[in-house]
Amino acid sequence: MSWWDADDEDDDLFDEGDIRVRPNPKANRPRTKIRPAHDDAVIGRILGVDRGRYRVLIDEDLASEHEITAARARELRRTPIVTGDRAKIVGDTSGSEGTLGRIVGIEDRSSLLRRSADDTDNVERVIVANADQMLIVVAAADPPPRPRLVDRYLVAALDAGIRPLLVVTKTDLADPSEFLEHFEGIDELRVFRSAQDAWPVEEIGAALEGHSTVFVGHSGVGKSTLVNALVPDARRATGHVNQVTGRGRHTSSSTVSLRYRSATGSGWVIDTPGVRSFGLGHVDPDNILRAFPDLAEAAESCPRGCTHLPDAPDCALDEADVSPARLASLRGLLETFAGRDDY
C-alpha cells in the first residue's frame, strides 16, 4: 500500500512549473554554430593595417569610391588579413568619422606572396595578396647589389605565380652591367635603369597600369623614393645609407597599397618594408629551378632524380655552358633546402 494519497489536495504546493531554467548560464538562449550568411556584405580592398584597424576601399573605380575603417570579426581572429585582400564588410560602411565596419570574410585570392624567417623555417609570413607583379628594386651602388637576394625574390615571385620586374637605381654611381649579366638567361625579366636625377617614371608607370605590383628591395636602395616619384601624394619616408656598414635604414614600417594614376590608366603600387633577408622555407624545392630558366634547360639532360647539388653524379650542369655565378646561386639554395625534412 502506498503512503501517497492520490486524492491529496496539496499537489499545488509541489508544482515547480513557474521556475525559469536558463539553458545557458551566460545567455537567455543557447549559442549556435550557425553563422549568418552576411548577404548584405560589400566587397572592399584592404589598403593597409594599423594596430588592428584596417583601411578599406569601398566601391572601387565607382563615383561613390571611398575609404572606411574596419576591424576583423571574432571568427576571423586566426585568419591572416593582409594588404591586397578583397574583404567582405558589414556594419557601417559610410566612412563617416567615428564609424567602424566589420570584416566578416575574405574572397578567394589569386596569388599570395610569402616569406619565412629563414630557409629552414616552415612558418610563413604573408606579405601581400592578389598581386600579379613584383617590382624588385636594387641599387647599382651604395649599397652594392646582391644577386643572390634578387634570386630569392625571383623564386618567391615565380612560386606565387607573380611576374617579376627589376629596377636598378643609382646607375650614375656605378655601371650595373656586370650585375645584370647574372640575369641574362631570364628572357621574361624586364629591366629598368634609373639615375639620381633621371627616374624613368613614365616607362615604369606604363608597366604598372592595369596591374597590382608589389615593390620589394633591400633597405637604402631607393624604393621609397621611387614610390614617391610614381605616387606624388604617397609621402613615404626616405632614409640614407650608413657609410660605415653600407646598410640602409628601414624607413617603410608597414605594407600599404597606393593608387598609381596617369593620363592613360591606373594601377596599384604596394610598398613593403625593406628587408635584408628573404627566407624561402614555404617554397616547394621543386619550384626553385623555375627561377633559373637558363639552368633549367641544361638540367633537362640530367639523369632522373638528379638533385643538381655539387656531389650529384652525372649532373649535366657540371658540363653545361652556363654562368658559374648563376650555378653557384642555384646550388646554394638547393643545399639549404637539402637540410629540410621535407626535401
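Trainee: How many helices and strands are there in the protein chain?

Mentor: This is a predicted model, so some limits come first: local features need pLDDT of at least 70, side-chain atom pairs count only at pLDDT 80 or more, and totals for chains, interfaces and linings use all residues. Residues are numbered from 1 along each chain as its sequence is written, and side-chain values use heavy atoms, with hydrogens and water left out. Helices (H or I, at least four residues) and strands (E, at least two) are DSSP runs, numbered from the N terminus. By that rule the protein chain has six helices and 13 strands.

Trainee: What percentage of the residues in the protein chain is buried?

Mentor: Buried means under 20% relative accessible area, exposed over 50%, and partly exposed in between (1.4 Å probe, protein chains only). Of the 343 residues in the protein chain, the buried part is 44%.

Trainee: In what order do the six strands of the open sheet run, and which strands stand at its edges?

Mentor: Two strands pair if DSSP finds at least two bridges between them. The open sheet has mixed pairing and the order 10-9-8-11-13-12. A strand with a single partner has one side left without a neighbour in the sheet, and so the edges are strand 10 (190-193) and strand 12 (256-261).

Trainee: Which residue in strand 10 stands opposite V167?

Mentor: Strand 9 and strand 10 run parallel and are joined by four bridges. Across from V167, the residue in strand 10 is F192.

Trainee: What angle does helix 1 make with strand 8?

Mentor: Helix 1 packs on the sheet and touches strand 8, strand 9 and strand 11. Axes are lines fitted to C-alpha atoms, for helices over the stretch in contact, and angles run from 0 to 180 degrees between N-to-C directions. On that scale, the direction of helix 1 makes with that of strand 8 an angle of about 175°.

Trainee: How is helix 3 oriented against helix 4, parallel or perpendicular?

Mentor: Helix 3 and helix 4 (residues 223-230) pack with their axes 10 Å apart, at an angle of about 80°. Angles under 35 degrees count as roughly parallel, over 145 as roughly antiparallel, 65 to 115 as roughly perpendicular and the rest as oblique. Helix 3 is therefore, relative to helix 4, roughly perpendicular.

Trainee: What is the strand order in the closed barrel?

Mentor: Strand 1 (residues 42-50) and strand 4 (residues 86-91) pair in the antiparallel sense over four bridges, and G44 stands opposite A87 in strand 4. The barrel has five strands with mixed pairing, in the order 1-2-3-5-4.

Trainee: Is R326 buried or exposed?

Mentor: R326 is in helix 6, and its contacts include D151, F183 and P293. A polar atom of its side chain lies 3.0 Å from the backbone oxygen of H182, inside the limit for a polar contact (a pair of N or O atoms within 3.5 Å; within protein, one must be able to donate a hydrogen and the other to accept it, and residues adjacent in sequence count only if both atoms are side-chain atoms). Because the relative accessible area of R326 is 1%, the residue counts as buried.

Trainee: Which residue does a cis peptide bond join to P143?

Mentor: P143 is in the loop between strand 8 and helix 1. Most peptide bonds are trans. Here omega is about 0°, and the residue joined to P143 is D142.

Trainee: What is the phi of D142?

Mentor: Most residues other than glycine have a negative phi. D142 is partly exposed, with a relative accessible area of 32%. Although D142 is not a glycine, its phi is positive, about 55°.

Conventions: Contact = heavy atoms within 4.5 Å. Lists of a residue's contacts leave out its neighbours within four places in sequence.
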